[in-house]
Amino acid sequence: MTDPGAGVPSAFRQAVAALGAARPRTEVAVSPLPPPRRLAPFVHALGATVAVDGEELADGRFVLLHDPAGDESWRGDFRVVTLARADLEPELASDPLLPEVAWSWLTESLHGRGLDHWEPNGTVTRAGSSFFGGLADRPARAELELRASWTPAGPEDTGGHLLAWCDLLAQCAGLPPETAGPAVTALPRRRGPRPV
């Protein structure tokens, strides 16, 4: 995190405090990361993993950017930049609707928590690996990666945005939603040990 001491805007301190107060579901562990440099004058970064019964099912990072002068492309002075990754069953990775469904998990997570946001951007990537030769005994592997950014309405809402992203990460891991609301199809949970 950028040092929250002297010279740090109060809006950024408020936003970082809201992130620290957020309490995601028990399967999601959030921890601080070194912030990337040169993205904005003030940056706070967090990493997260989703684990069930000691098995890691998904991981990612959540980065909060702040430029007190504002950024025209952000339409604001804060920006959230995220990454979510999870292993998939190989047959699920071939579903032609997977990118649209994964993106809808993000938008539904934000809307489900009643969060205003602007300028959402992102990519959904699916990748598959098959193994040959001395590695032929390994099962095929597929991975989903969702990169997204958006502008939150204000610094006081950043904790809610972190929780919405944690909801997305849990969905990528195949966990059912915790909150009541419209039914959402979850990915089947990956079975077996994580390939080395």
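**Ground rules.** I number residues from 1 along each chain as its sequence is written, and my side-chain values use heavy atoms, with hydrogens and water left out. Since the model is predicted, local features need pLDDT of at least 70 and side-chain atom pairs count only at pLDDT 80 or more, while totals for chains, interfaces and linings use all residues.

**Confidence.** I looked up pLDDT, the predictor's confidence in each residue, from 0 to 100. The protein has a mean of 87, and 88% of its residues reach 70 or more. I took helices (H or I, at least four residues) and strands (E, at least two) as DSSP runs, numbered from the N terminus. Confidence is highest in strand β1 (residues 28-33), at a mean of 97, and lowest in helix α2 (residues 90-93), at 75. Residues 180-185 have pLDDT below 50, and this stretch has 6 contacts (heavy atoms within 4.5 Å) beyond near neighbours in sequence. Residues 188-196 also stay under 50, and there the model has 21 contacts beyond four places in sequence.

**α1 on α4.** I fitted axes as lines to C-alpha atoms, for helices over the stretch in contact, with angles from 0 to 180 degrees between N-to-C directions. Helix α1 (residues 10-21) and helix α4 (residues 158-172) have axes that come within 7 Å and cross at roughly 40 degrees. The two are therefore oblique (under 35 degrees is roughly parallel, over 145 roughly antiparallel, 65 to 115 roughly perpendicular, the rest oblique). The crossing is right-handed, meaning that the near helix is turned clockwise from the far one by less than a right angle. From α1, A15, A18 and L19 meet T158, G159 and L162 of α4.

**α3 on α4.** The axes of helix α3 (residues 98-112) and α4 come within 8 Å and cross at roughly 145 degrees, and this crossing is right-handed. Among the residues that meet are W105 and L106 in α3, and H161 and D167 in α4. The contact divides into 7 nonpolar, 3 polar and 1 charged.

**Aromatic pairs.** I paired rings of Phe, Tyr and Trp (its six-membered ring) with centres within 6.5 Å; planes under 30 degrees apart are stacked, over 60 edge-to-face, the rest tilted. The count is 2. F12 and F42 have ring centres 5.7 Å apart and planes at 40 degrees, so this pair is tilted. F12 is in α1 and F42 in strand β2 (residues 42-52), 30 residues apart.

**Positive phi.** Most residues other than glycine have a negative phi. R75, in the loop between β3 (55-71) and β4 (76-88), has a phi near 60 degrees. E119, in strand β5 (residues 117-129), has a positive phi of about 50 degrees.

Definitions and conventions. Nonpolar A, V, L, I, M, F, W, Y, C, P; charged D, E, K, R; others polar.
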